[in-house]
Amino acid sequence: MTWRNWAGSEEARPVRVHRPSNSAEVAEAVKDARRNGQRIKAVGAGHSFSPVAVAPGVQLRLDAMDGLRAVDRASGLVTVEAGMPLWKLGPLLAEHGLALEIMGDIDRQTVSGAISTGTHGSGLRFGGIATQVWALRLVLADGSVVDCSADERPELLRAARVGLGALGIITEITLQCVPRFALHARDARMPLAETLGRLDELTENNDHFEFFWFPHSATTLTRRFRRMPGDTPLKPIGDLTHRLDTTVSDLGFEALCRLGTRLPALVPPITRLASWAMATREWTDLSPNVFASPRDVRFHEGEFAIPRERAVEALKEIGYWIRTRDERVSFPLEVRFAAADDIWLSTAQGRETCYIAFHQYHRMPYERYFTACEDILGSYGGRPHWGKMHSLDAATLRPRYPRFDDFVALRDALDPTGLFANPYLDRILGRTPDATRF
């Protein structure tokens with residue numbers, strides 16, 4: 001049976017597939033794989049563009065582990081099973097008067113997959129989703145089930161919050177949630193020069209700010225979210241508007257991208273049309289309904305995190321490369337911001353961060369463009385999003401992460417034979433000391 005990720009860029013033919021329903025069954029699967037000399041990997045929703053979750057050996061699918069285990073409304077601590085999808089978690093938290101403090105712009109991932117790859121949203125006062133992790137339960141390579149928190153195995157927690165699936169298989173996550181809140185959202189077109197000229201103001205004076213830029217145009221779509229109390233009267237996007245958005249943004253854009261694939265010379269005018277057609281609007285809704293947006297047109301994606309203060313020059317350099325190489329880019333650049341954190345392999349570790357994501361329609365060539373973005377952003381100390389496409393290896397990544405060697409040492413101690421490894425983890429972390437067994 002062949003498994004493929006959402007983008008269709010990665011696939012695997014695992015020798016065996018398990019669907020455990022609890023931590024004990026995960027532990028048994030781990031012990032069984034170890035006895036049989038097979039690597040084992042857990043997979044979530046398959047929304048990573050990188051091969052981080054590719055399982056050529058034994059694949060664990062956690063869709064049966066999607067329950068809400070405990071809710072403490074007073075403290076805001078909520079425990080969920082690892083296979084809980086974000087789209088399901090948001091409404092469940094809202095029923096208890098709670099919410100995630102921050103979310104990314106896609107909610108198809110499982111909670112464990114989102115934290116393990118460093119998924120983030122946008123807002124200078126907020127870290128990635130993993131910064132909300134209060135405790136974890138994992139199955140280690142020896143089959144033991146362990147808990148980690150600030151009081152119990154704190155070093156493991158500091159590493160495993162963005163653990164890439166390399167330290168163990170997460171089975172439960174305890175999240176520090178906040179009282180339910182609404183977001184007032186404002187989408188507005190703005191000239192690129194104005195957006196870049198006002199970037200400090202826009203990022204500092206809005207709770208959440210991000211923007212999209214089609215590189216063949218001089219226009220951005222800016223998104224500004226203001227946090228409001230949970231009992232704020234809501235004015236969500238209407239059903240008719242939502243259906244029109246789906247038709248224009250998804251089906252219409254898909255058709256235009258297909259046309260651009262057949263006639264590449266049309267890509268620049270198509271993207272200028274798409275830039276012009278981007279909606280200007282305001283609405284207010286509960287936070288999960290605003291943070292996340294549908295992504296129905298398939299694409300390839302890479303993303304790098306650079307120091308926030310280098311954002312403008314990096315974007316100008318990417319734009320210059322596209323113009324001078326006559327590169328046809330059908331999708332926008334997405335630019336977001338996040339607070340610094342202390343998680344060992346977080347892309348925002350130790351610095352305020354600007355995330356620059358680059359995309360290409362999945363039927364169009366992307367390699368030259370992605371390589372250029374990787375090189376340009378790498379020159380600014382860029383750290384690749386672990387769930388997105390990049391070609392870097394351990395030697396290149398090590399100097400970009402102050403705690404890289406600490407993470408690798410912990411991985412080597414917990415899983416010296418590489419039971420949880422795969423070719424991607426071997427490349428970005430290096431092979432484990434006793435990896436000859438697999």
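Reader: Why is aspartate 187 called buried?

Author: Aspartate 187 has a relative accessible area of 3%, and buried means under 20% relative accessible area, with exposed over 50% and partly exposed in between (1.4 Å probe, protein chains only); aspartate 187 is therefore buried. The model is predicted, so local features need pLDDT of at least 70 and side-chain atom pairs count only at pLDDT 80 or more, while totals for chains, interfaces and linings use all residues. Residues are numbered from 1 along each chain as its sequence is written, and side-chain values use heavy atoms, with hydrogens and water left out.

Reader: What makes the pair of aspartate 187 and arginine 223 a polar contact?

Author: The side chains of aspartate 187 and arginine 223 are joined at 2.9 Å. A polar contact is a pair of N or O atoms within 3.5 Å; within protein, one must be able to donate a hydrogen and the other to accept it, and residues adjacent in sequence count only if both atoms are side-chain atoms.

Reader: Which residues does aspartate 187 touch, not counting residues up to four places away in sequence?

Author: With contact meaning heavy atoms within 4.5 Å, aspartate 187 touches Leu221, Thr222, Arg223, Ala279, Thr280, Arg281 and Trp283. Aspartate 187 itself lies in strand β13 (residues 181-191); strands (E, at least two residues) and helices (H or I, at least four) are DSSP runs, numbered from the N terminus.

Reader: Why is strand β14 described as largely enclosed by the rest of the structure?

Author: Six of the six residues of β14 (residues 208-213) are buried, which is why the strand is described in that way. His208, Glu210 and Phe212 point one way, Phe209, Phe211 and Trp213 the other way, and all are buried.

Reader: How do you know that β14 pairs with β15?

Author: Two strands pair if DSSP finds at least two bridges between them. Six bridges link β14 to strand β15 (residues 219-229) in the antiparallel sense, and a hairpin through five residues joins the two. Antiparallel pairing also links β14 to β18, over three bridges. Tryptophan 213 stands opposite threonine 220 in β15 and opposite leucine 333 in β18.

Reader: What makes β3 and β4 edge strands?

Author: The open sheet of three strands has the order β3-β5-β4, with parallel pairing. β3 (16-18) and β4 (40-43) each have a single partner strand, so one side of each is left without a neighbour in the sheet.

Reader: How does the span of helix α11 compare with the one expected?

Author: Helix α11 (residues 367-378) has twelve residues and reaches 16 Å from its first C-alpha to its last, close to the expected 16 Å. The expected span is 1.5 Å times one less than the number of residues.
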